[in-house]
Amino acid sequence: MNYNPNLHNEAFKVYKLKLGTVYIYSNFLVSEFDEGADITFKNFDELAFIIKTHFEDRPFGFIANRKNSYSINLSDAKVFNETFKNLKAYAIIVYSDLTERIIEIESHFFKFNRKVFKDFENAIDWIEDSLSNQENDSYNK
């Protein structure tokens, strides 16, 4: 299912990248990587630049719409973890049991706060709640 960017009532920017399409909001992004993409830290450079430019060091969320089948190079997980320390919530929209099993494997490598969803509304709510809790935690320190 294609993402409807107007689902979240906020201004957004759309980027067509070599890996797919990305929607950027003030506190999170939604990715729709292309069918067959092989995501490595090296070819993630366009999106990494956008993330660093848009979010800087602020906490942000990431919603991966796994409507297409693509691979993530797990040997790059460590560098992803170290580079995006301000990624506080990573939601994955899944459409099959196979994708859910792949996510379970990926979760052993990625240290992000990750959760699987079947719809965007709940994923967005969880992202916003997670970011809000991060903000509240930083005020209580």
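Residues are numbered from 1 along each chain as its sequence is written, and side-chain values use heavy atoms, leaving out hydrogens and water. Since the model is predicted, local features need pLDDT of at least 70 and side-chain atom pairs pLDDT 80 or more, while totals for chains, interfaces and linings use all residues.

Let's start with the charges. The structure has four salt bridges, each one a side-chain nitrogen of Lys or Arg within 4 Å of a carboxyl oxygen of Asp or Glu. One of them pairs lysine 18 with aspartate 45, at 2.7 Å from N to O. Lysine 18 sits in the loop between β1 (13-16) and β2 (20-24) and aspartate 45 in helix α1 (residues 45-55), so the bridge ties together parts 27 residues apart in sequence. Helices (H or I, at least four residues) and strands (E, at least two) are DSSP runs, numbered from the N terminus.

Now for helix α3 (residues 97-106), whose buried residues are Thr99, Ile103 and Glu106. They span an arc of only 60° around the axis, which puts them on the same side of α3; the arc is that of the directions from the helix axis to the C-beta atoms. Exposed Asp97, Leu98 and Glu104 are on the face turned away from that buried side. Buried means under 20% relative accessible area, exposed over 50%, and partly exposed in between (1.4 Å probe, protein chains only).

Glutamate 106 also makes a salt bridge with arginine 114 (3.1 Å, N to O), and both residues are buried. Arg66 joins Glu106 and Arg114 in a network of salt bridges.
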